[in-house]
Amino acid sequence: MLYSVRMRAAKGGDHKLGGRHISGTERLVMPADLAAVFADMLERALNHSRGRADFIQVTVEEIDRAAVQTIRLLPITTIDVADVAAGRREAVEILVSFGVNRQAAIKGIESLSSLQDSMRGAMIISADTGERLDEAGDRGVRVSRMDAADHEALTEELEHLALCGAHVREALVLATKVAAAPGMVAELCWSDDPEYTTGYIASKQGYRRLPHLKEYGNFVGGRIFFVDQACDLTVLADYLERQPVLVATGG
Ligand code: WAQ
Ligand code: MG
């Protein structure tokens, strides 16, 4: 049996009543690991660099094992850039190489950098025009029901690349699921944690890390999913929110 465990935490009350997003996580876990995962999620919500949550919601749902799709981890590269300006210029080039229209890529980066505060989910934007396509507003579309197939194997694989920590592990799992979505062209992300400046661009072709996509100390992060203008948004949202995915490493 497998459970989907999802946590969302806010400050100033429930997100739905105007609370400020602090943190969120998604896991797919075996019954024996439920208690430990719960404890870990609480710890995270109560000791976060974005502030101490005063609203925490954890949802637990049984998952149909037969519905789980296993997807191979994206190949990872890190591209060294001197500063945020260079990082964002490079981000445009990578997005274009992944099939996003140049103006749409520039518009996407502007949409992220002009947010007043972080959203809980992602914006879905046309890879052709840069226009926002989803109607999720300030909430955004939240990707859910994914995890690493084997946490130890993933940690080991990342250690070989001199990468460690939860940010990169979780971002890779999410990006691998997102890259396989129907109609997905590319994803752009930088963290909402003020101390974390590394962001990435991902597509089926790979996960490209840029060490400076945001200034140190900035609390505003987010995600943009660039999709085919013609894609079916209902099918896409259903995959992102509901399809259980395990991300596998190695051979
Ligand atoms: N679904 C959709 N959007 C999400 C989700 C989700 N499950 N989780 C987070 N977001 C959005 C939301 O707007 C957050 O404000 C924003 O993304 C950033 O989330 O070194 O830490 O969890 O290779 O702060 C990337 C680089 C780190 C890792 C990303 O994101 C590396 C990070 P955070
Ligand atoms: Mg965060």
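A: In this predicted model, a polar backbone atom of Val-143 lies 2.7 Å from a nitrogen atom of ligand 1, a polar contact being a pair of N or O atoms within 3.5 Å. An oxygen atom of ligand 1 is 2.6 Å from a polar side-chain atom of Tyr-196, and a polar side-chain atom of Arg-223 is 3.1 Å from an oxygen atom of ligand 1. On its own, ligand 1 has 700 Å² of accessible area, of which the protein covers 93% (Shrake-Rupley method, 1.4 Å probe).

There are 26 residues around ligand 1, and Val-143, Asp-192, Tyr-196, Tyr-207 and Arg-209 come nearest (a residue is near if one of its heavy atoms lies within 4 Å). Helix H5 (166–179) and strands E8 (184–190), E10 (206–210) and E11 (222–227) each supply at least two residues of this shell; H5 gives the most, with four residues. Helices have at least four residues and strands at least two, as DSSP runs numbered from the N terminus.

Asp-192 also belongs to the metal site: the magnesium ion (ligand 2) is coordinated by Asp-192 (OD) and Asp-193 (OD) at 2.0 to 2.2 Å, donors being N, O and S atoms within 2.8 Å of the metal, or 3.2 Å for Na, K and Ca. Asp-192 counts as buried because its relative accessibility is 14%, and Asp-193 does so at 9%; buried means under 20% relative accessible area with a 1.4 Å probe, protein chains only.

Local features need pLDDT of at least 70, and side-chain atom pairs count only at pLDDT 80 or more, whereas totals for chains, interfaces and linings use all residues. Residues are numbered from 1 along each chain, chains are lettered from A and ligands numbered from 1 in the order written, and side-chain values use heavy atoms, without hydrogens and water.

Conventions:
Buried < 20%, exposed > 50% of the residue type's maximum accessible area, 1.4 Å probe, protein only. Polar contact = N/O pair within 3.5 Å; in protein donor to acceptor, adjacent residues only side chain to side chain.
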